[in-house]
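Here are my notes on this one, point by point. Have the viewer open while you read.

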Amino acid sequence: MLNEMKKTMKPVYFSALIFPGLGQFYLKSYIRGVLFSMVAVISFAIIMEATWSMMMVIANDIEQVRQRLDMNSLTLVIKESLTVYEDPTIIIAKIAFIASWIMSSLDAYVTIKRHPDTALSNPLK
């Protein structure tokens with residue numbers, strides 16, 4: 001019984017612990033898997049692009065104040081540069097990324113509860 005429960009929960013673990021949509025692929029729900037994965041990938045790309053831009057701004061600001069670089073001026077430069085994370089696009093991307101992760105896990109769980117034989121019959125086990 002316990003071993004069977006572990007096998008049926010595998011798609012939930014894939015979506016919750018590895019990446020959104022993997023549990024749906026395991027359950028052969030390819031369209032939902034692609035949707036969850038694409039939302040996660042696009043949101044992650046937006047977040048990473050904003051992070052890279054912020055790092056470049058900080059690096060340029062540090063170069064400009066190189067003559068008087070101390071802990072206080074470095075902290076001030078970083079605080080001023082963090083305003084990029086107040087951009088609504090970044091906030092929406094963060095929410096979409098977290099929501100895709102949670103929704104993917106819940107969807108895999110609900111699918112298993114409705115059709116427990118689907119998780120047990122998968123050839124990837």
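1. Let's start with a loop residue, Lys28. At 47% relative accessibility it counts as partly exposed; the scale calls a residue buried under 20% relative accessible area, exposed over 50% and partly exposed in between, with a 1.4 Å probe and protein chains only. Lys28 sits in the loop between helix H3 (22-26) and H4. Its phi is near 65°, a positive value in a residue other than glycine. For background, most residues other than glycine have a negative phi.

2. Some ground rules. This is a predicted model, where local features need pLDDT of at least 70 and side-chain atom pairs count only at pLDDT 80 or more, while totals for chains, interfaces and linings use all residues. Residues are numbered from 1 along each chain as its sequence is written, and side-chain values use heavy atoms, with hydrogens and water left out.

3. On to the overall picture. The protein has 7 helices and 0 strands, where helices (H or I, at least four residues) and strands (E, at least two) are DSSP runs numbered from the N terminus. Of its 125 residues, 30% count as buried. Taking contacts (heavy atoms within 4.5 Å) with a separation of 6 or more, 65% come from residues 24 or more positions apart.

4. How do H4 and helix H6 (residues 88-114) cross? Their axes come within 8 Å and cross at roughly 155°; axes here are lines fitted to C-alpha atoms, for helices over the stretch in contact, and angles run from 0 to 180 degrees between N-to-C directions. On the H4 side the contact includes Phe36, Ser43 and Ile47, and on the H6 side Ala93, Phe97 and Met103 are among the residues involved.

5. Ala93 is worth a click within that contact. This H6 residue is buried, with a relative accessible area of 4%. Ala93 and Ser43 lie 50 residues apart in sequence, yet 4.7 Å apart in space, C-alpha to C-alpha. Leaving aside neighbours within four places in sequence, Ala93 is in contact with Ser43, Ile46 and Ile47.

6. Two other H4 residues. Thr51, in helix H4 (residues 30-64), is buried at 18% relative accessible area. Its side chain reaches the backbone oxygen of Ile47 at 2.8 Å. Ser37, also found in H4, counts as buried at 13% relative accessibility. Beyond its neighbours within four places in sequence, Ser37 is in contact with Phe19, Pro20, Gly21 and Phe25.

7. Which residues make up the largest nonpolar core? The 6 residues are Met9, Val12, Tyr26, Leu27, Ala108 and Ile112. A nonpolar core means a set of buried Ala, Val, Leu, Ile, Met, Phe, Trp, Tyr and Cys residues joined through side-chain atoms within 4.5 Å. Ala108, setting aside neighbours within four places in sequence, is in contact with Pro11, Val12, Ser15, Gln24 and Leu27.

How values were computed: A polar contact is a pair of N or O atoms within 3.5 Å; within protein, one must be able to donate a hydrogen and the other to accept it, and residues adjacent in sequence count only if both atoms are side-chain atoms.
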